[in-house]
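Here is a friendly note to read with the structure open beside you. Take the points in order and look up each residue as you go.

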Amino acid sequence: MLEIVSKGFQSAKAALTGAATLTEENIDAALREVRVSLLEADVELGVTRTFLDRVKQRAVGEVVQLEVKRGNKKLARTPGEAFTLICHQELEKLMGPVEEQPIAFRRPYTIVMMVGLQGTGKTTTCGKLASRLLADRRKPLLVAADIYRPAAVEQLKVLGAQLGVPVYSADGLAPQQLCFDALREAKRKKRDVVIFDTAGRLAIDDALMTELEEIKGRTKPDQILLVVDAMAGQDTVRTASEFNRRLGLTGFVLTKMDGDARGGAALSIKEITGRPIKFLGMGEGLDKLEPFRPEGLASRILGMGDIVGLMKDFESVVDEKQAERDTKKLLRGQFTLEDFLAQLKMLEKLGSVSELYEKFPVFGAGGPPAGAQIDEKMFIVLQSLIQSMTPRERAEPQLIDDSRARRIALGSGRKPEQVRDLLARFQMMQSMMQNIVAQPGLLGALPGFRQLAQLRQVKGQSMRDVFGDVPSSIRNMTRGQVPMGLPGMPGPGGFPGALPQDFDGLPGAMPMAEGSSAARAVVRSAKDRDRARSKRKAEKKARKKARRK
């Protein structure tokens, strides 16, 4: 997503590497990289100029503080980090702000009118919105008002059947009357959100706009959302401007954001129309509609991932009690391949591996190494290997020798080398987790958290400043209540005691209760580490003494 823009900002930061201060000359060199990437990503020319002028004015016109104070501490930052901070803040302004609640609800029902051209995914987005409303314990009604496109009504009925949401349609009625009658149906069935799936055209024409104006006049919708294709570039902005002029839009839904390296519409549409982006369509599934967060998208553009967004995703699939049990198992050294298999199945619910990596910047701001590829079949391979093992082998992987590895590979249709690689990675994950438990500060060196720390540092912020009122998903992170490992990552995602010290005082911030079994496991691990260190020192001293003789 927005890959071209991201590379431009990374090149700009690289151009400032080694600079002692921010000057007009080195800022111009950095902004040239940004300008090219924005224009290649189809960001509107006027928006590009305005954004670059704002960044330059702040970077040159202000005295950039390379040392910021937070409490009694001084935090140093480089000119590149100061430039990144300015870009991050200006990107947030460019795309935001947004309402805290994308849709304000009222009684007896809230009317949402979905409009747009054909091919933008409008009908599918209606289904996704209904799915999201169901998760929020709302009772939506879908209205099939697109009577012109072949099979549009049937498509909406299929989506409604998948979700268990009623769909209102009527043969022989004009869309204006059909939408008006649907309100009576919503009242009769006690549905509290009515979603109009209106007709689209291949291009804007007067007949289309007149029909939509009449629907608006008769039903008085609370929300008029324009569904636009992020891949359409400049056409998206022109379409948005015309729809806004004729209908008075309340916001936008950007679709196909997961498949577009350009996505310039996301950076242009708010600045041009003054209307907010409400939702992003991030995939084909009915659960792939997420509220738009400008700060999250800005962080992803700048190569810092979106830890908050990732934690919200985790919160939707994680069983907190099971996660806590898994964490205690790991601390005691009892986490098995059977538990790991359960974690993999849970991670599958979050979407593709690429989406996870994009939100969790495991490679840092520079992105993946050259030539590196993410295997989307990774989950399937790992699951097939583990499922081909016996229950005892899953519980005691150290039993797996070459003969067993060949049998497991044959049963899963894989190679023995893949079995050995899985075992090596699992052992490495356990070892790293034990080291993190013994030395909680070690987590700060891991990719992803290093990037989060960098963003906090350049802003001079505490964790409370970054996350605001810390959501339960973030608090749970300190208890290890997030998945134990992404395939290919150096270690598990359960991070007891790992978040920075400025989480002190927040609810649930302590990683484990004093005297608990988990805490005792940490103490034992620390003592074991100290004993091993003392033993190594004694052996080294004995060897030196033997050589002198």
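1. Let us begin with a term. A residue is called buried when its relative accessible area is under 20%, exposed when that area is over 50%, and partly exposed in between. Asp-146, at 3%, therefore counts as buried. Please keep in mind throughout that this is a predicted model.

2. Which residue forms a salt bridge with Asp-146? The partner is Arg-149, and the closest N and O atoms of the two are 3.6 Å apart. Arg-149 has a relative accessibility of 26%, so this residue is partly exposed, while Asp-146 is buried.

3. How many salt bridges are there in total? The count comes to 26. One of them joins Arg-392 to Glu-396, again with 3.6 Å between the closest N and O atoms. Arg-392 is exposed because its relative accessibility is 52%. Glu-396 has 30%, so the label here is partly exposed.

4. Now look at Arg-407 and Glu-393, a salt bridge whose closest N and O atoms are 2.8 Å apart. Arg-407 sits in helix H18 (residues 402-412) and Glu-393 in helix H17 (residues 391-395), so this pair ties together parts that are 14 residues apart in sequence. Is Glu-393 buried or exposed? Its relative accessible area is 0%, so Glu-393 is buried. Arg-407, with 37%, is partly exposed.

5. Next come the aromatic rings. A search of the whole structure gives 2 aromatic pairs. Phe-9 and Phe-51 are both buried.

6. What is the arrangement of the rings of Phe-340 and Phe-426? Their centres are 5.9 Å apart and their planes are at 55°, so the pair is tilted. Here too distant parts of the chain are linked, with Phe-340 in helix H14 (residues 337-348) and Phe-426 in helix H19 (residues 416-438), 86 residues apart. Both Phe-340 and Phe-426 are buried.

7. Helix H10 (residues 265-273) is worth a visit. H10 is mostly covered, since 7 of its 9 residues are buried. Among the buried ones are Ala-265, Leu-267, Ile-269 and also Lys-270. Just after H10 you will find Gly-274, which takes a positive phi of about 80°.

8. Some backbone angles deserve a second look. Most residues other than glycine have a negative phi, and most peptide bonds are trans. Lys-190 is not a glycine, yet it has a positive phi of about 55°. You can find Lys-190 in the loop between helix H7 (175-189) and strand E6 (193-197), and with a relative accessible area of 63% it is exposed. Lys-220 also has a positive phi, near 50°. Its place is the loop between helix H8 (206-219) and strand E7 (223-229). Lys-220 is exposed because its relative accessibility is 57%.

9. Where is Pro-108? Pro-108 lies in the loop between H4 and E3. The peptide bond from Arg-107 to Pro-108 is cis, with omega near 0°. Glu-100 is in the loop between helix H4 (79-95) and strand E3 (110-115). Glu-100 has a relative accessible area of 85%, so it is exposed. Its C-alpha atom is 9.5 Å from that of Pro-291, although Glu-100 and Pro-291 are 191 residues apart along the chain.

10. Finally, turn to the surface. Which residues gather in a patch of positive charge? They are Lys-540, Lys-541, Arg-543, Lys-544, Lys-545, Arg-547 and Arg-548. Lys-541 is located in helix H23 (residues 517-548). With a relative accessibility of 65%, Lys-541 is over the 50% cut-off and so counts as exposed.

Definitions and conventions:
Residues numbered from 1 in each chain as written. Predicted model: local features only at pLDDT ≥ 70, side-chain atom pairs only at ≥ 80, totals over all residues. Heavy atoms only, no water. Patch = residues over 30% accessible without salt bridge, like charges linked within 9 Å, V, L, I, M, F, W, Y side chains within 5 Å. Areas by Shrake-Rupley, 256 points an atom, 1.4 Å probe, with all protein chains shown as cover. Salt bridge = Lys/Arg side-chain N within 4 Å of Asp/Glu carboxyl O. Lys, Arg positive; Asp, Glu negative; His and termini not counted. Charge placed at Lys NZ, Arg CZ, Asp CG, Glu CD. Helix = DSSP H or I, 4+ residues; strand = E, 2+ residues; numbered from the N terminus. Buried < 20%, exposed > 50% of the residue type's maximum accessible area, 1.4 Å probe, protein only. Phe/Tyr/Trp six-rings, centres within 6.5 Å; stacked < 30°, edge-to-face > 60°.
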